[in-house]
Every structure is written in structure tokens, then in C-alpha cells.
Amino acid sequence: MTMENLLELFILIPLLGCFISWLIPSNNEQAISIVAYWTSLIQLLLAAGFTLFWILDRSATLHAKEWVLYRTAGYEFYIDLMFDSITAVYLLMGAFLSFLISIYSRYYLHRESGYKRFFNHILLFFFGYNLIVFAGNMETLFIGWEVLGLASFLLIAFYRDRYLPVKNALKVFSIYRIGDVGLILAMWMSHHLWHENISFIKLSQYELVHHQLQQHSAIGIFISLMILVAAAAKSAQFPFTSWLPRAMEGPTPSTAIFYGALSVHMGVFLLLRTHPFWEHQVSIRFLIAILGLATTLLATGSARVQSSIKSQIAYASTAQIGLIFIEVSLGFTTLALIHFAGNAFLRSYQLLVSPSIVSYLIREQFYHFVPHKKTIEHYFPEKVRNTLYVWSLKEWNVDFYLREWLWSPLKKVGDQLNGLTISTVLWGSILLWGVALILYHFEAALPSTIKTILPELIGFTGLILVLKSFTERKNTVLSWLLVSMNHMWVALAVTVNSHFYLDHILLYLSGVLLCGGLGLAALAYLGKQERNISLTQFHGHSYEHPRLAAVFLICSLGLIGFPITPTFIGEDLVFSHIEEDQALLAIFIAVSFIVDSLAVMRIYSRVFLGPHSKTYHEVAHRSA
Amino acid sequence: MDHQITLTFEQEQVLQKIKHFLPAQGPLKDFIHHNTLHAFQQLPFFEGIRKASRIFGYKVSLSLSEFRGLFRSGRIHSDVLKHIVAEQKGGENLDQWMNKMLHQPYNSSASSRIGALRAKWKGLYHIDLDGEVQPGLFRILCSYLDQGISIWAFPKAELGLISAIRYLEHKSFTSFFRTKRAKQLLLSNQVEISSLLTILVGDRPELFEQYLFDQQFSHQGWSGIVSSIESDPTLLMDTRKVSLKDLITLELLLEIDALDRSFPNGWEPLGAKLRHRPQRLFDPVILHELDEVLALWQQAFEWTYFDQVLAGISAVHYVEPSSGQLSFQAMFCIDDRECSLRRYLERLDQSCRTFGTPGFFGVDAFYQPEHGKFYSKICPAPVQPVHLIKELNAGKQPKHQRDLVYHKRSHSFLEAWVMSQTLGFVSAFKLFQNIFKPSANPAMASSFKHMHPDAYLTVKYDTKFHDENDLQIGYRVEEMAFRVKSVLRSIGLVDHFAPIVYVIGHGASSVNNPHFAAYDCGACSGKAGSVNARAFCQMANDPDVRNLLSRDGIFIPDETQFVGGLHDTTRDDIVFYDEQALSTIQYQQHEQNKISFNEALDMNAKERSRRLVSIDTSLRASQVHEKIRERSVSIFEPRPELNHATNTLCVVGRRHISKGVFLDRRSFLNSYDYTLDPEGDALFNILKAATPVCGGINLEYYFSRTDNQKFGAGSKLPHNVMGLIGVANGIDGDLRPGLPQQMIEIHDPLRLLFIVEQKPEIVLKTIQRTPELYHWYLNEWVLLVVHDAECNTFFRFNSGGFVPYHPLQKSVPILLNLEDLLVKEPENLPVYLIPS
């Protein structure tokens, strides 16, 4: 048995832990915490032993092509694992902190409703995390990336019966999805660059990369840029910084491990992992450094004026991650790894003991109080000083501009379609599909301009409709239908674009049809029971229908191409049918996937999460 | 127009009214329990809570299904329920009402009037005004009030909230506002609430009050803290000028700003679009049948327990204590947490006597520890002390140790770059250590840090002391004698002094707990009682004081020494002070007594552990005690102790009426000897202090339990500390006053029953001495039963008079094996007789 054979264990152990934890009855606190304890402990011991052995044994990068999930002519989707020093550091950090947190939470979460949910989410996170750090190719990494995003959403919305956690979970999810667009597009382009799902290990072959990039420098820059977007979003770098403090809605230990330590450093991981690819692109390295520096400066300003302990730690942490970005861009990989570990330990510990700040600082103040203490800012000119203060307090208005320039325009497009009803959508779509198919049938007779823009046109129509779904204010079923049908538009666009095979389409649509239909049934059932399930407000129906909520969540995940149905391979396949000069089509489809998922999670949140619309039990104030 | 506004919108009056209804909790460092619904206390209990519920949407009792569940599980007795229903609804309607109680379905959804007017922003304008305004408002407010979390403090905070913002608007290149009008209004220096309201609501002053109520109660936590600080600026060490008026002005400006931004082409005021005015907040509240049903259930729940208690007390036969030599006497706080410790002491040492009195022991003072920059009040919150006790020669050991993890430098990027790569790895080690071997750390709140055990306290006035800030340092002899006499008289300890009289204050310790102050002694304004205990002993040991006392007929023999101590209720540890002052004989006796104390503490820890699932109660007492100690320093333990949870009784009488009854740590115990107090003077002093203190504790637990979301602070686990003054969920949330879920989850919401041993007519006259005191009882926010020892009968206070009460329960089981029971039963225990 070689060491490569052992790699899959590090994925399977957390996955197994997840499944076992799911099966335990929710009132059995003891068993639930024991599963998390042993899962993380076994992982930790194994990781420590493995790493030690690996160090003694030449420390050569390990690589294993594990499972081929789908194979067709010229296309292969497989899970690929690798192990090197970056994996080792992240693996050990992850296992060590998860182990400590599992013990911590065992007592801390005692009697909390949602005890099981909490540990399930932690294990889900742990699985996604390990999949990322062991990923040997982009596709594998992307699966982990998606799992991590979902676990984050669920943990931020852990207190699902209050308004703010749900709202902030959606906010963080949408920022994560911006990062995902980057990753999807990077994957799409690298398909065309390499004509395969290339492994990271190949990326580190200098001659190969150098040769390709010299011929396709624009493509290289595009891929690197997209990777940078993904990394910046995940690691809360400018302009995405403000999600980090808002993610701190869950129980303190989950906040500490995710947003203090592991999750927030995944952007750094992505950069380290793809380092061989972009290290010879000076402009990209410069950009990474600038981004890191900007984040460091702006986040430090915000950290200095924060008056709540968790947001202070969040900004201070993200400022350090900015420095790590700089280190990475300069090629100081080892320093970056040490810095990551130190920052992760420091911030997670600071978050865990953050409730102590009251007794500590009050006592300090009691014995050492100096009124009107001067800080360094005192030496700035008055007007500059005050301006900086207000900007820092307002978090440099970044959120405002994101909203103004990104979300509002998207919403405005969607709003143009007010007045759509379920029947117009259904009949209109059938009509349009018919027209498109007829056009496609007579393809040979079409003028070439129409032929070339037809896929884009179809893709764009799909995108518009899904934007409508995202902005729909009332009709939940309509919104759900629009999302489901978006995949039909995508399928159509791709079919029209190149000869797409029926089995590819079936693979792609299988999950959509199943989950879309099941979700529709769930909504219909709930609508009959509760009458009001409109999108105008949060209903919190998970209070009375927790099982239905779980089923609907699974449907939602299936519908948005989460790796539980073949649709997720289908999505990757779809992109392989988009040519490299069709950036517009790729962007339309990528954005529509992202908006899809936002619309779906919005439906799930509005219907099942938030303050319960019935008031026969305790319901928190909206502002609480 | 202006004239009309002044006629119908009396700004000052409305602000006062809003303040009256807002939560009255101060900053975290002084957590003082109070009746959460203090604003409704002038009404009878059930009417008051009904009104509060209907107006503000609070849940004010357990739900109907919870009550029915308690009935089915036997925790509400059928006999008691029937008795109460028959008594209040008439025997002839019993069956009909029992059917309503047990089976009739009711719609128990809560509806509230608050917020209906401002909800129209969403309804008519499709704008989420709170969502637009609140995050920014809270951030400005929290930064302004911040007591030391931020590194860069709010500029010119000393100017006051509005003026400081105005300064920033003047002297910067940016603005808090995004549109012009709001900024200009602020800078015009004539920004009045009524004119801002006219912009927002229109020329409809009749709506203004309701609008402001809606607005302020959409974030009652922040408004409440502003109102508290406005009323008493000394609540903050780093003082701030802030008022509800400022907060409202700022919020109205931000609302105008948000509307101007959302509707750049102009918008009509709310009042102009409003077709139907929402119901007025304070319109009369109709009594529904469900209200009556819930009130009956509540009383049945209460009297199921109270009836047992009274049956228990009446079953105890008074035996004249043997007149042998006493080993010691010990005074404790009336706190319910001392109830079981006293029981164990008495069980282990039959010749000791214990007493209960409010834990400040009559020492009404401010206290300043050595090197402290501020004074702490160490007596009940309403008392305004004129004396100061200073701690001197406290030794070199600083009370404030540093820990770099909390250091602000770790938030500054260059220093943090170094720290994260050094201290970061130390943190990993600390985290590991904290999880596997919890130990004390610099950030912990420990009651023993309140005062250095060997320090000198300036208890006795000396001519070389000069007054500080109008406070006299130390007490003059006659002042001391007066305090000692009052306490001793009130508890009935005026003769038969034992060689040692212990005076034991209490405090608590915890780590990682922003609510640490709520666990200390309520009678000492949320501080530990060590200074008070020591000061009282110094007074009572003073020869001049004893001399004066003897003139009043209290002869304390020279062989008697008072010894102060502090009981840490979390760790169940006691330290004794000034032991060196004991004579050799006394010291030997003291050593002997300590054995009993230590054993009692072990057993007390064991009894407490039955409520804490993570500890195995069946272990030996000393082992359980070790685990309890470890728990108090575990950062991952959100329940260091359970504080006042389950409290529901306050017994005011001689110890023997409660000594023989097992009360499961649910009772405040105030010693009182009615035979020494024929006029009720001492009783008045006791009730005057105990009623609001114990009643406040009880009602805060009551309401935090019935609606942990709106009255309480919700779960502790996601809490984020805001400005060192409060906690919120996440970073954009409202402050959460009240008690967190982990403090109240085992609490049964029962009102407090005072059981006073006296003649009913004396008690009636006593409670009627002041209207404030009388209203607590008359309106039934606390309940009252008088025990007439001479004829062993009870009288229940009801609508201004006393009626005889005969317990329904005829026999009370005898407690045979407490240890067994502790291991088996994690829930509340019924009343038992303790065999003597």
C-alpha cells in the first residue's frame, strides 16, 4: 500500500462522521457530541501520523486520481486528491481546531435547541474543508467550496427563528456566490486552455504552464483574475470585507472556528494552491499585493473604531489576511503558512474568550482609567482625522456601493418583468422553446449572424427570467418555477450552441427535474396547510414543519446544482460546450447559475426561516 | 400651527412616558435585578401583565398547553386547581370552568398594538425603514457610548451625542447622511423633534406620540440603556452626555435621510397617506376568557407549591432549643443560594445557629479598593450612602493582571503581524489548556478579588481622615453601634452569643461571562459581600461600640468574636477574614467549626450538582465539589452556577419555622423574631428592603422565563459584547437586556410568596406604612401569608385584608434519604419534613 492510497481516508472519515451524526436522534446529546469528537480526533491523529511519516519519507507531493464520476468522449469528471506541505498545514490546523471546538461545544451547546443541527453542520463543514485542502483539481476543490458555502449559510442562520441571522446568512451566501462565479469561469476557461480537467500537480510543471501561457496570455490573466475574485470573496478582502463581521451570528464556537480561523483563510489556500499558475504573471501578483494592502489599511481603520468585540476581531483578522495576501504575492509561501496558522489560532481564541472582555476591560478601566486618552490619530489634521473616523465607522461605504452598483441593477432588470404570472411564464416558455427548436432544426438555412447570437439570446432570456425569480416579491411558486425553468433555457442555449448530446442533457436536467418537481410539491403542500407562503415576509415555517423544511432544503440544493445530484456534473459539462470566444454566453450562464442559487436560498429562507409568523410562542423582536 | 402642536404633543411628557415603559437595566458591570414590567406595577398583577401583553406583544405567562402539560404530569394539583376555580368562579360553575381549563381550545396567538403605525412605511411605501436606519444608528450610538472596546474613540464625545455628530458634520469631508436635507436640518441648530415629526408624519400631532413609541420600541434595548444612562450618568465610568431626546432626534433625521434617498422625487408624510388610524396604544384592554383561564392556571401552579410549603411549616412542631453551649452562630445573606448551606451546617453541627439578613449587613457605603479610580456602591441600589470605606495596604499583588490576548495592539496591523506569529501559537496552547485543564485566568470575575484578605479597611472614622467628594471616610462610633444594633435586633440575635459569630457575605465567580455581575450579591448592588462582612465584624468587635450597645440592652460578652467571611456561591468556597484576632481558644473552636463548614460546602456542591447535567451527582461529595470548582473556571461552561433560578419564597421569621422543612434552595430566608418586635418596626425595615429586592429578582426571573426573547436576553451562545455596556446578537442587533436563557431555563415562573411570622394585624399596619411597599402586596406582584405562631394558623393577604388559609395537603412526607433523592431527581423537589 502506498501513501497515496491513504489520502481518500481523510475525505471518507469526515463524510462518514457526517452520515453517522445524521442518523442519531436529536435528543441524544451524548452520542451526537461523541461522533464529532471521534471524527475529529481520528482525523487529527491520522493526520499527525501521516504528516510525520510523509516528512520522514522525502516529503514528495502525493497525488491520487480517486474516482471517475463521469466519462464521455473527450470529457472526464473525476475526484482528484493531492498532498503537499500546504495540505499538511491546513489539514493539521483544521483537525486540531475542529477537535478542540467539538469538545468545547459539547458543553457549551448543552440544552440548546438545535444541538444536533450544530454538530451536523460542523461535520459538514469539516468534510467540505478537507475536500478543499486535499483537492487535486479545480472540480474537486469546487465541490468542497460549495459544501463550505452551504455549511456557512446554515451556521450563520443557526438561530433560524430570528430575523438578523437569516438576513446575514443570505448576505454572506450571496458574497460567496460572487466568488463562485469566479471559480466557475476560471474552470471553464482552463478547460479550454488545457482541454481537460487539469490537476494542480500538472500546474506546477513550470515548462508546461509557461508554454501554454505564452501562447494564451490573455486567457491566463482571465483565469488568474477569476481565481483572485474567488479568493478575495472567501477571505473577506476588499471590496467584500463587510460580510465577515456579519457572519458572526451563530454560537461563539462556530464563529471562532469558521470566521476566526478556517473558513476565512480559504481564499489564501486557493491562492497558494494555484500559485504555480500565476506566479509568472507579474500583473496578477501586483494586483494581489495591492488588494491585500488596501484591505489591510481599510480593515485596520474599521477595526480601530469598532465598538463591539466580535466585529473588532473580525476586522483585525481580515487586515492580517490582507498581509498574508501580500506575502503570497511576494512568493513567501512558508511565511504565509506560518502567518495563517498564527492568525487562525489567535483570532479563534480571541473570539472564544470574547465574552471575557467585559470583566477584563472593566477591571482594567477601574484601576487604570485615563480620560480622553490620545491615540495616534490625534496627530492627523482635524478634518482628515474626522473624515477617516466617519469612513471607518461606515465601513468605507463598500456595502452601499456593492448594493448600488451590483444588486440594485440586477433587481431593476428583474423588476421590469412585474406582472408575469405562472401561466404566462409556462405558455410563453413553451412557445419560445418551440421557436428556438424550430430555428435550430432549420439551422442550415439560418443566416450566420442569427446562428451565432442565438445561444446568447437564449442564455440571456434565461438570465432575465431568473432575475425575475430573484426579485419576485409575492408568488413563491412562480419564483420556484422560474428557477427550475432556467435550467431548460441553459440546456437549450447549449444545445443550440453545439451539438449537445441527449445523454448530457438528461444528466444535467435529471436533478433539476426531480428536485424542482419535489420542491414544487412541498410548496403546494405547505401552501395548502398554511395558506400564506408568499415572499413578502419571512414565515419561519420550519418551526412547525422541520421535516418539510429539511426536504425542501435538499430540493433547493439539488436545484442549484449542489453535488447531491448528477446536475452538478452536468453544469460542468455545460461549460465544456461553451467555446472560449463565447465569454458573453459563459457569463450569462454563470451569472444565471449564481442568481438561481440566490433566488432559491431566498425562497427557502423566506418560507421556512426567520421569525415565525404565528405568535402563540415566544418570538424575538425583529431587531434582536 | 406651532400652537396646535404644543397643545396636543407635549414633548417632555411623551419622552417621560416612553422612558417609563422602556427597560430599566443599566450597563453590564452593575447588574441589578428589577421587575421587568415595573411600568405596570401600579395595576393589579393580572391586569398589568394583560395590558403589557396586549400593548407590547409580550408573553406574560406560560402558554395554555404548557399549563395543561404541567397538570397532566402532576406538577399542578387537581385539588388546588379545583379549589381556586371554585373560589373565584363559584362552586356552581366549577364543572363548566374545569372544562374550559382542561379542554376548551383557545386561540392563543399574541397580537400587539406597538409598531402598527410605523408598519405603514412598509405597507404603503414598500420601504424597510428600520432595515435602512437601524444598523447605522446602532453603530453610531454604540461607538458613542463605548466604554473601551474601540481603540479610536468617538471624537468629541464630551459634547453630547447630537453636538458631537454636528461637530463631525462640520469638521470633515464626509457625512453620516447621504442626502442634503437631513444634514442641513441637523446643522441648522434648530432641530426639534416636533418639526422633524411634522416632516415624517405630517401635520397630525395626534399621531406623534404613537409614532415615537413605535420607533423606540422597535429597539427597546438601545433606547432603554440610553434612558437609564440619562437618568443616572454615573452608571458609566467614562461618562457620556446622552438623552432619549438626542437619540430620537438622530433617528428621525436618519429616517428622513433614508426616505429622501429612496424617493428622490419627493414623498408624502405618513399621516397624509394613512386612511385608518391604527388603534391607540393605551386604549382600554378587553378581558378575554383566555386571560382568565391563564390567570387561574397561574394561581393553581403557584399554590400547588405554596400549599405544600404551608402544610410543611404547620407540621413542624416547635421544640425549645436545648440551652447547652452553642458552638457558633452564623449570619448569612437572605439569598436563596444560602438556604441549603445553612441546612447542611445545622445538620452537621446541631449546636450551631444560623441567621439570614440582607448581605450588606447594614453597612451602607461606597467602597474604594486600593488603586481603584472609582467608588463602588456596596449596599442596595436605592440607598444613597454617605460613607466611604477604603482599602489600604492591599499588598503588592495587583488585582488586575494583564493578558495579551485581550490587548488592543493585536488589532493594529503591524503589531498584530508580529503577535499573530508569536502570541498566535501561545493562544493555541492556551486554548488547549483551557479545554483540558481549566484554571483561573486574568479575565475571570472572582468574588475573592473584590478585596484583599489582609488589607486594612477604613471602617472606623478617624479625625485624620478628610471627607472625599462629600463622603465621610469610616463610621463614627455611634454610627457603627446603630448599624450593629439594627441588624442584631432585626434578626433576633440579642443574647446568648456563641464564642464565634460568623458574618458571611457572598459573591460568585465565573469566566467568559458578560453577565458576571448578576451573580453577585443583590443587596450589595451586584458586588461581593466581603467588605460588608468584614466591616460589620470590625464594628461589632469594637469595644466602644459594644459599650454603646450594652446601654441598649445588647450585651456582647468579651469571649465573643465576630468573624467575617465570604462564600463564593459558584465554587462553594469560603474564606474567613481576620482570623488572627481570635484568641487561642476561639481559634481552636474556629478550626473545629471549619471542618463543619468544609463538609457542608462539599455537600452543598453535591446538592447543586443535580441540576447541572454535566456532573455526576452520585460521586462522593468532595469529588463533586472539585468538579464544581473546575466548572467555575471553564471557558466553555455557560452555566457556572444557576443563580436565583427556581426562587419563589421568602420566609421572614425565626429559623425554626423553616428549619424543619425541605425547601430545595427556593427560599430567601430572613431571620426575624416577632417576640422582640411588638410594633413591627424591625419588620418594616426588613420588608422595606426585602420586598423590592427579592420581588425584583423574582419578577425578573419570572418574565425572562415566560418570554425569553422579548423580556430576556435569549441564548447566551451567540452574544456579542457591545461597548462593554450590553450584549447583542451579531453586530447589527439591538441590545438584549434581561436574563439569558441559560439562567432561567429551569426556573418555574411563580410569584414570590412572603411568609411572615407575626400577627396579621401588625403585618397589615406595617406594610401600609408606605404606599410603595403596600402596592407590591395590594396589587399582588408579590404574595403574602402571615403565620401566627401562637395558634399555628395561616392568614392569606387578599385585597387589602387577611383571610385564614388552611392547607389542602393534610400530610407531608418525611425526607428519609436526601442523598438518594439528589442523585435520582433532576427536577424541582416537593416539600418534605426534615427529621431533626
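1. How much area is buried between chain B and chain A, and what percentage of it do carbon and sulfur atoms give? In this predicted model, the two chains bury about 10,300 Å² between them, and carbon and sulfur atoms give 61% of that. The contact involves 122 residues of chain B and 102 residues of chain A. On the chain B side, B:Trp152, B:His411 and B:Leu717 supply 9% of the area that chain B buries against chain A, more than any other three residues.

2. Polar pairing across the interface comes to 46 residue pairs in polar contact between chain B and chain A, both residues being at pLDDT 80 or more. The elements of chain B that give two or more residues to the side touching chain A are helices H8 (129-145), H9 (161-170), H18 (413-436), H25 (681-706) and H26 (741-744), together with strand E14 (719-722). H18(B) gives the most, with 16 residues. By residue class, this side of chain B divides into 48 nonpolar, 44 polar and 30 charged residues.

3. Five salt bridges are found across the interface of chain B and chain A. A:Arg622 and B:Asp128 form a salt bridge through their side chains, at 3.0 Å from N to O.

4. Over all chains, the structure has 64 salt bridges. In chain B, B:Lys89 pairs with B:Glu292, with the closest N and O atoms 2.5 Å apart. This pair links distant parts of the chain, 203 residues apart: B:Lys89 is in helix H5 (residues 78-89) and B:Glu292 in helix H16 (residues 289-315) of chain B. Is B:Lys89 buried or exposed? B:Lys89 counts as buried because its relative accessibility, 19%, falls under the 20% limit. B:Glu292, at 23%, is partly exposed.

5. A salt bridge also joins the side chains of B:Glu579 and B:Lys594, at 2.9 Å from N to O. B:Glu579 lies in the loop between strand E10 (573-576) and helix H22 (584-609) of chain B, while B:Lys594 is in helix H22 of chain B, so the pair ties together parts 15 residues apart in sequence.

6. For B:Glu745 and B:Arg639, the closest N and O atoms of the salt bridge are 2.4 Å apart. The two residues are 106 residues apart, B:Glu745 in the loop between H26 and strand E16 (753-757) and B:Arg639 in the loop between helix H23 (621-632) and strand E11 (649-653) of chain B. Both B:Glu745 and B:Arg639 are buried. Elsewhere, salt bridges that share partners join A:Arg246, A:Glu395, B:Arg139 and B:Asp732 into one network.

7. The largest nonpolar core has 372 residues, and A:Tyr90 and B:Phe754 have the most contacts inside it. Helix H6 (residues 163-194) of chain A contributes the largest share of this core, 20 residues. Another core, of 45 residues, lies apart from it and includes B:Phe306, B:Ile657, B:Leu663 and B:Phe794.

8. B:Leu186 is found in helix H10 (residues 180-187) of chain B and is buried, with a relative accessible area of 1%. Leaving out residues up to four places away in sequence, B:Leu186 touches residues including B:Ile162, B:Phe177, B:Val191 and B:Leu253. B:Ile162 is 24 residues away in sequence, with the C-alpha atoms of B:Leu186 and B:Ile162 8.4 Å apart.

Key: Residues numbered from 1 in each chain as written. Chains lettered and ligands numbered in written order. Predicted model: local features only at pLDDT ≥ 70, side-chain atom pairs only at ≥ 80, totals over all residues. Heavy atoms only, no water. Helix = DSSP H or I, 4+ residues; strand = E, 2+ residues; numbered from the N terminus. Buried < 20%, exposed > 50% of the residue type's maximum accessible area, 1.4 Å probe, protein only. Contact = heavy atoms within 4.5 Å. Core = buried A, V, L, I, M, F, W, Y, C linked by side-chain atoms within 4.5 Å. Buried area = accessible area lost by both parts, 1.4 Å probe. Salt bridge = Lys/Arg side-chain N within 4 Å of Asp/Glu carboxyl O. Polar contact = N/O pair within 3.5 Å; in protein donor to acceptor, adjacent residues only side chain to side chain. Nonpolar A, V, L, I, M, F, W, Y, C, P; charged D, E, K, R; others polar.
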